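Subject: Model for your files

Dear colleague,

Here is the model I said I would pass on. My notes on it follow below the structure.

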Amino acid sequence: MPTSFFGWIQLLLDKYGTLFLQGAGVTMLIAVVGTTVGFLIGLLVAILRTFPLKFTAPVWQQGLMHTLRFLLSAYIEVFRGTPMIVQAMVVYYGALQYLKLDIPALSAAFLVVSVNTGAYMAEIVRGGILSIDKGQKEAAVAIGLTHWQSMTSVILPQAIRSILPAVGNEFVVNIKDSSVLNVISVTEVYFMSRSAAGTYLKYFEVFFITAVIYLILTFTTTRLLRLVEKKLSGSDFYTVYGSQSDHQVQIQYTREGT
Amino acid sequence: MEGSMANIIEIGSLVKHFGKNAVLKGIDLAFPKGQVACIIGPSGSGKSTLLRCINLLETPDGGSIRLQGQDVTEMPTGLLHARVGMVFQQFNLFNNLSALENCVLGQVKVLKRSRAQSEETAMRYLERVGMLPYRDARPDQLSGGQKQRAAIARALSMDPDVLLFDEPTSALDPEMVDEVLNVIRTLKDGGLTMLIVTHEMAFARDAADRVVFMDAGQLVEDEPPQILFAQPRNPRTQAFLARSLRR
């Protein structure tokens with residue numbers, strides 16, 4: 001048996017390296033799926049919630065919209081207002097006991113993380129939409145675009161760019177918070193660590209490794225997101241075709257302040 | 001059907017409230033096809049609201065607005081907006097799109113034109129407003145005057161029957177006002193009906209066929225510019241013109 005801290009680290013890595021790697025893989029998979037699906041849910045909810053209600057609309061349409069808005073607000077309140085660890089238990093055991101559905105733990109994990117993230121994303125996207133001056137929405141209406149068209153072609157592309165840091169935050173939160181899913185036996189990296197720690201009762205050493213793994217995952221993710229942000233902010237250059245003296249010339253301009 | 005078909009827009013007893021505040025107190029106006037009308041008046045007189053009611057950016061509370069005899073509230077909104085264009089005080093260009101794409105978007109999505117045809121139309125109007133060289137620039141790369149000219153090209157690209165201008169030069173630096181007004185002047189020859197809310201009295205005097213003076217939600221005076229500026233009859237018009245021309 002090793003006597004030093006690093007000796008133990010060495011031994012644990014040799015013995016459980018693949019276990020840690022598999023766990024890290026599952027963790028990342030849950031974070032990627034949960035954040036992506038959650039983001040799509042957020043976009044959809046935000047588009048629906050910002051749908052303008054015309055006074056001239058028929059009563060049934062107004063009723064439908066009010067019901068929909070109520071349901072969407074309720075969704076957001078419920079999933080933001082309860083811990084994900086509790087949501088996981090309720091969904092997993094609820095399905096098992098009352099629907100006689102033994103959903104695989106990983107599927108339950110995807111479901112819970114996506115729907116939970118969606119509730120947060122809906123608010124983040126709404127904030128992004130509010131940050132775009134409403135003149136652009138008005139101009140979109142004034143040339144005849146529908147709500148859906150103006151959202152997808154004009155408002156959301158800008159809103160998404162401004163909320164990207166917040167979306168990145170959600171991603172990082174999901175990498176870390178997926179650890180709570182160990183309560184429904186999802187084999188993510190925290191669950192794997194507990195199994196590994198149990199054998200030699202070396203909790204500190206194992207969870208030291210676990211901490212480093214989480215840090216590598218989150219650090220890599222934030223750097224990648226920074227790159228995406230840069231990419232989405234668009235080209236800093238544009239070309240002016242022709243000048244007063246020379247109609248053939250093409251002049252490259254750089255945007256100021258970049 | 002009331003009125004003659006020569007009028008492209010007919011407004012009858014138009015009423016609009018914001019809360020308890022009556023902004024339009026029964027406006028009656030008709031505009032023949034091809035007319036260039038300037039709407040002037042003090043801030044808060046309801047000029048902009050009148051304009052915004054015509055393309056239903058504001059929902060009227062009473063009265064009627066007809067476009068070539070058709071009630072605008074009964075028209076499909078896409079069709080109404082394709083036929084009545086609008087140029088805003090704050091330009092409101094789509095900031096994520098180039099000047100060219102700003103002009104193409106509505107044509108493709110609303111008029112269902114092909115991409116090639118839309119680009120061709122957009123280029124034609126960008127050239128007309130002198131913005132063709134800047135077609136690839138995004139709004140944050142343009143000056144105020146350039147933005148407004150691109151916004152005019154965007155509205156023209158939809159080939160509207162009527163173009164509404166809501167204080168098109170009020171947000172511009174003084175030296176850029178003329179470049180925009182000159183573009184608007186060149187549009188007069190095209191037979192386009194234009195309703196222009198403006199504080200530029202010199203422009204109203206030399207470019208408009210007709211000047212409408214509004215005050216406190218009412219239509220006060222409605223004359224050709226030669227008459228309205230030379231011999232305003234109503235004391236409210238006289239006071240307003242005295243104030244504006246002194247500046």
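In this predicted model, helix H4 (residues 105-131) of chain A packs with H6(A) at an angle of about 145°, and their axes are 8 Å apart. Axes here are lines fitted to C-alpha atoms, for helices over the stretch in contact, and angles run from 0 to 180 degrees between N-to-C directions. Helices (H or I, at least four residues) and strands (E, at least two) are DSSP runs, numbered from the N terminus. The crossing of H4(A) past H6(A) is right-handed; that term applies if the near helix is turned clockwise from the far one by less than a right angle, left-handed if anticlockwise.

The residues that H4(A) brings to this contact include A:Val113, A:Tyr120, A:Ile124 and A:Gly128, and those of H6(A) include A:Ile155, A:Ala159, A:Ile163 and A:Glu170. Two residues are in contact if their C-beta atoms, placed from the backbone, lie within 7 Å. By class the contact has 12 nonpolar, 6 polar and 1 charged residues. Ala, Val, Leu, Ile, Met, Phe, Trp, Tyr, Cys and Pro count as nonpolar, Asp, Glu, Lys and Arg as charged, and the others, Gly among them, as polar.

On conventions: residues are numbered from 1 along each chain as its sequence is written, while chains are lettered from A and ligands numbered from 1 in the order in which they are written. Local features need pLDDT of at least 70 and side-chain atom pairs count only at pLDDT 80 or more, whereas totals for chains, interfaces and linings use all residues.

Chain A as a whole has 8 helices and 2 strands, in the sequence pattern α-α-α-α-α-α-α-α-β-β. Its C-alpha trace spans about 80 × 60 × 25 Å along the principal axes.

Between the chains, 23 residues of chain A are in contact with 27 residues of chain B. On the chain A side, helix H5 (134-142), helix H6 (147-177) and strand E1 (237-241) each give two or more residues. H5(A) gives the most, with 6 residues. That side divides into 12 nonpolar, 9 polar and 2 charged residues.

Chain B has an open sheet of 6 strands in the order E6-E7-E8-E3-E9-E10, with mixed pairing; two strands pair if DSSP finds at least two bridges between them. Strand E6 (84-87) and strand E10 (218-223) are the edge strands, each pairing on one side only. Strand E9 (residues 210-215) of chain B runs antiparallel to E10(B), joined by 5 bridges, and B:Val212 stands opposite B:Asp222 in E10(B). Helix H9 (residues 235-246) of chain B lies across E9 and E10 of chain B, at about 100° to E9(B).

One residue of chain B to look at is B:Arg154, in helix H5 (residues 144-157) of chain B. B:Arg154 is buried because 33 other C-beta atoms lie within 10 Å. Beyond its neighbours within four places in sequence, B:Arg154 is in contact with B:Asn102 and B:Cys103.

Regards

Note on methods
A residue is buried if 20 or more other C-beta atoms lie within 10 Å of its own, exposed if 12 or fewer, and partly exposed in between; C-beta atoms are placed from the backbone.
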